[in-house]
Amino acid sequence: MNCAKVKDQLAAYLVGELKAATRKRVDEHLLGCLSCRAELASERAFDEFVRGAGQLFDEPVPPDFLERVVNLARAEPASAAVDGGAADRSLLWQWLMPFSLPVRAAIVAAILLATFGGIQSGRIVTGLLANLSASSSSQPDPMAVLEMMPVEQEMMQLMHGVKIGALDQPRPRSGDRR
Amino acid sequence: MQAESHLLNRVVTMADGVPTLQTTDASDEQLLAHMNRGDIGAFESLVIRYQRSALRAARRFVGDGHEAEDMAQEAFLQVYRNAHQFRSDATFKTWFFRILTNLCLNRLKKKQPEYFYDPPMEIPAGDDPARSLELQEQRSAIFRAILNLPPRQRIAFILCCFEELSYADTAQCLGLSVKAVESLLVRARRTLRKELSALQKNISE
């Protein structure tokens, strides 16, 4: 490799872009060539010169920049600001990544089953708690009871001793007077 | 500045009128996770950490200070909006600079580049006004030469040389291979060397 070719390769040499074989040939040439070594030193000095300028001349940060950005972020719609569901999905996804595809599918299926299975019992518990807190001593609202699922109705019957059949009256139509 | 976050240990002090994060035991990625749970203080911490380098990179890419501010601001807002999309296969720094890089490159599609570099501040050079002016001119020449680089070469050079991103991280920011980034950097170096060799020679003498 002659000097002209080596000098042409020096930028790539410094950036590390040269293939191993070419790099080796450049290294061999540099060992025996004072002129190319000087050129390499000059290239390195240039790097330092530009980098140094970048470090020496920093850009100013406007004093109100942070406040402005944070205020704009606060003004963002809530769904954009905090996407809890998406964040949870993201965390779940990150957690699932190390598993193989079938294992991931099985975990997701198990979570879905647990979630949707839990919704039914969750509804019952929520309904019971709401009724208890609203009127622990009084009878349940007949209309509310009619809205319940059969299992919920049974639970209410057990708690209040009210026969659901007795409450199972047709709803008053609008305009009906009693 | 009073930290709003009670979840994180933060000490924010004022340095030259600019809020600066002194210490925190949370990584960028942890801050992002706090942010996803609605902690605006965590977002504030990320802005404090990255505002200087975001403004610097944007400024060196576009030249104009106001546009650089707009781009840095938009990059942070995109972080805020899309924090839940962050994937742990990249660092926050790479993800953030990818957002900023896209903004920089998209900006050129809408607006022709302005090849000037407006010196943003006075350079402290002791009590010698002539030396101060000289440094100012040198700085302007260097950044003008960088502004004249083609956009991808320019952003690759800025990220690697000034923001100290690795070639791999720069490649992620640009959506290119490491080899392609190396090639951009070689071409950028050659152009800059040609443009600035006279200036470097004057400074060395």
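User: Start with B:Thr101. Which residues does B:Thr101 touch, not counting residues up to four places away in sequence?

Analyst: This is a predicted model. In it, B:Thr101 touches B:Ile155, B:Leu159, B:Cys173 and B:Leu174. B:Thr101 itself is found in helix α4 (residues 92-110) of chain B.

User: Why is B:Thr101 called buried?

Analyst: Buried means under 20% relative accessible area. B:Thr101 has 1%, so the label buried applies.

User: What makes α6(B) largely enclosed by the rest of the structure?

Analyst: Ten of its twelve residues are buried, so α6(B) counts as largely enclosed. Among them are B:Ile155 and B:Leu159, which also touch B:Thr101.

User: How do you know that the span of helix α6 (residues 151-162) of chain B agrees with what it should be?

Analyst: At 1.5 Å a residue, twelve residues should span 16 Å. The end C-alpha atoms are 16 Å apart, so the two values agree. Just after α6(B), B:Glu164 takes a positive phi of about 55°.

User: Which residues have the most contacts inside the largest nonpolar core?

Analyst: B:Phe43 and B:Phe157. That core has 85 residues. Its largest share, 13 residues, comes from helix α2 (residues 40-62) of chain B. In soluble globular proteins, nonpolar side chains tend to be buried together.

User: What is B:Phe157 in contact with, leaving aside its neighbours within four places in sequence?

Analyst: In chain B, its partners are B:Ile146, B:Leu149, B:Phe162, B:Leu185, B:Ala188, B:Arg189 and B:Leu192. A:Val50 in chain A is in contact with B:Phe157 as well.

User: Buried or exposed: what are the labels for A:Cys36 and A:Cys3?

Analyst: The cut-offs are under 20% for buried and over 50% for exposed, with partly exposed in between. A:Cys36 is at 0%, so A:Cys36 is buried. A:Cys3 is at 31%, which means partly exposed.

User: What caps the N-terminal end of α1(A)?

Analyst: A:Asn2 does. One of its side-chain oxygens lies 3.3 Å from the backbone nitrogen of A:Ala4. The cut-off for a polar contact is 3.5 Å, so the pair falls within it.

User: Where is the kink in α1(A) centred?

Analyst: On A:Gln9, with an angle of about 45°. Helix α1 (residues 3-15) of chain A has 13 residues and reaches 19 Å from its first C-alpha to its last, close to the 18 Å expected. Its buried residues include A:Val6, A:Leu10 and A:Tyr13. Just after α1(A), A:Gly16 takes a positive phi of about 90°.

User: How many helices and strands does chain A have?

Analyst: Chain A has ten helices and zero strands. Of its 178 residues, 30% are buried. Among contacts between residues at least 6 apart in sequence, 43% join residues at least 24 apart.

How values were computed: Residues are numbered from 1 along each chain as its sequence is written. Chains are lettered from A and ligands numbered from 1 in the order in which they are written. This is a predicted model: local features need pLDDT of at least 70, side-chain atom pairs count only at pLDDT 80 or more; totals for chains, interfaces and linings use all residues. Side-chain values use heavy atoms; hydrogens and water are left out. A nonpolar core is a set of buried Ala, Val, Leu, Ile, Met, Phe, Trp, Tyr and Cys residues joined through side-chain atoms within 4.5 Å. Buried means under 20% relative accessible area, exposed over 50%, partly exposed in between (1.4 Å probe, protein chains only). Helices (H or I, at least four residues) and strands (E, at least two) are DSSP runs, numbered from the N terminus. Contact means heavy atoms within 4.5 Å. The expected span of a helix is 1.5 Å times one less than its number of residues. The bend at a residue is the angle between axes fitted to the seven residues ending there and the seven starting there. A polar contact is a pair of N or O atoms within 3.5 Å; within protein, one must be able to donate a hydrogen and the other to accept it, and residues adjacent in sequence count only if both atoms are side-chain atoms.
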